[in-house]
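Me: I have a structure open and would like to walk through it. Can we take it step by step?
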Amino acid sequence: MREIHVRDAVGLRLAHDLTRIVPGEFKGRIFRKGHLIREEDIPTLLDIGKEHIYVLELQPGQLHEEDAAIRLAGAVMGSHLTATEPSEGKVVLKSEIKGLLKIDKEALLMLNSIGDLLVVTKKSDSVVQPGDAVAAMKAVPLIISEQKVVQAETIARMSAPVISVLPFRTMKVGIVTTGSEVASGRIEDKFGPRVREKLSLYQADVLGHKIVGDKKEDIQAAIREFLDQGAEVVLCTGGMSVDPDDRTPGAIRELATEVVAYGMPIFPGSMMMLAYIGGVPVFGLPGAVIYEEVTAFDLFLPRILAGDKVSGQEIAELAHGGLLK
Ligand SMILES: Nc1nc2c(c(=O)[nH]1)N[C@H]1C(S)=C(S)[C@@H](COP(=O)(O)OP(=O)(O)OC[C@H]3O[C@@H](n4cnc5c(N)ncnc54)[C@H](O)[C@@H]3O)O[C@H]1N2
Ligand code: MOO
């Protein structure tokens, strides 16, 4: 790299984007990489502290920060994402759709352990909207060894895709509400409206809502009827706790081909159940869902509606940060 005093730099091109920051007013690029320096630029360059500019002489095996960021983006980017042009050395990935962000966290750790490369994302399993920035990446030095980028590309290939967005599907959902006090009409049902409100954030298709008592056989019959109607998700509400007439977990368990979890390390919502009957996810939703704004249910609903499979191991890992309130 050759260093040249800015007063002698008229007619040369900038080697990288230049940034101005005025706290509370502005932060951003004021000169683009490759900008042809003119006489009138000199005061502005001096104002942002650039007494010298650099002339780059890249050697074979070296990459400019922008080319490194573009290659990184290409390597980590999966479905429903677009990459921005680099600015200030950084490339941003934006979601093209409303969907569920999926990050391969192990690959992300490996990428950021190479050194001199930064790949930064929003949390995996976040719900993202069209145009949302979901990841940003850059090289740390202006000139970086191409070897490091090749290493990143190899890691990304092994775990492809490192970053992607899954679209929500229009899933058919059946709702089964348990509880003698609701079935007998002693109290007004609050679960139906609450669950429909949560589903309305996505494009679910509610097949119906059956209100049954506390009998295991009635709960199971209602679940089976929804499955026969082609339900892709079944939500059972209430009766999830420890009373003798809390029969929902037992009813689901007997029909299930797999119980992923009953009792989750998340408060509120700890008495939730997630099971599969064939390929169909079946939830047991505890009473807290009608009382609390955010519960364990909110962590899983978007994943299920994006067709994402949830493992028991992942549920156990939610203990860290699982005290939501
Ligand atoms: N000794 C223990 N007590 C509690 C435990 C426990 O493990 N040991 N767990 C707590 C947790 S966590 C929850 S959540 C609640 C309730 O869990 P359930 O899912 O069993 O809820 P229910 O017993 O069916 O009902 C509780 C409450 O909510 C009303 N409810 C239920 N369904 C409806 C509905 N569709 N519409 C309106 N209101 C409804 C019901 O009438 C009760 O008042 O237990 C903790 N306690
Ligand atoms: O299952 Mo309860 O929902 O933790 O409050």
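Me: Which residues does UniProt list for "domain: MoaB/Mog"?
Reply: The UniProt entry, which is unreviewed, lists residues 174–306. Keep in mind that this model is predicted.

Me: How many residues do domain 1 and domain 2 put into their contact?
Reply: Domain 1 gives six residues, and domain 2 gives six residues. On the domain 1 side, one is nonpolar, two are polar and three are charged.

Me: New topic: helix α3. Which of its residues are buried?
Reply: Helix α3 runs over residues 105–113, and A107, L108 and L111 are buried in it.

Me: Why do they line one face?
Reply: Look down the axis of α3. The buried residues fall within an arc of 100°, so they line one face of the helix.

Me: What do those buried residues pack against?
Reply: They pack against two strands, β8 (99–103) and β9 (117–121). They also pack against helix α4 (146–158).

Me: And which exposed residues sit on the face turned away?
Reply: That face of α3 carries E106, L109 and S113, which are exposed.

Me: What follows α3?
Reply: G115 follows α3, and its phi is positive, near 100°.

Me: Now the ligands. Which residues come nearest to ligand 1?
Reply: G238, M240, S241, P286 and G287 come nearest, out of 21 residues around ligand 1.

Me: Which elements give two or more residues to that shell?
Reply: Those are α5 (180–183) and α9 (288–291).

Me: How does the ligand 1 shell split by class?
Reply: The shell around ligand 1 has nine nonpolar, eight polar and four charged residues.

Me: What about ligand 2, which residues are around it?
Reply: The residues around ligand 2 are F267, P268, G269, S270, M271, P286, A288 and T295. P286 is also among those that come nearest to ligand 1.

Me: How many charged residues does the ligand 2 shell have?
Reply: The shell around ligand 2 has no charged residues. Five are nonpolar and three are polar.

Definitions and conventions. Residues numbered from 1 in each chain as written. Chains lettered and ligands numbered in written order. Predicted model: local features only at pLDDT ≥ 70, side-chain atom pairs only at ≥ 80, totals over all residues. Near = placed C-beta within 6 Å. Nonpolar A, V, L, I, M, F, W, Y, C, P; charged D, E, K, R; others polar. UniProt positions renumbered as here; feature names shortened; annotations may be inferred. Contact = placed C-beta atoms within 7 Å. Helix = DSSP H or I, 4+ residues; strand = E, 2+ residues; numbered from the N terminus. Buried ≥ 20, exposed ≤ 12 C-beta atoms within 10 Å, placed from the backbone. Arc of directions from axis to C-beta.
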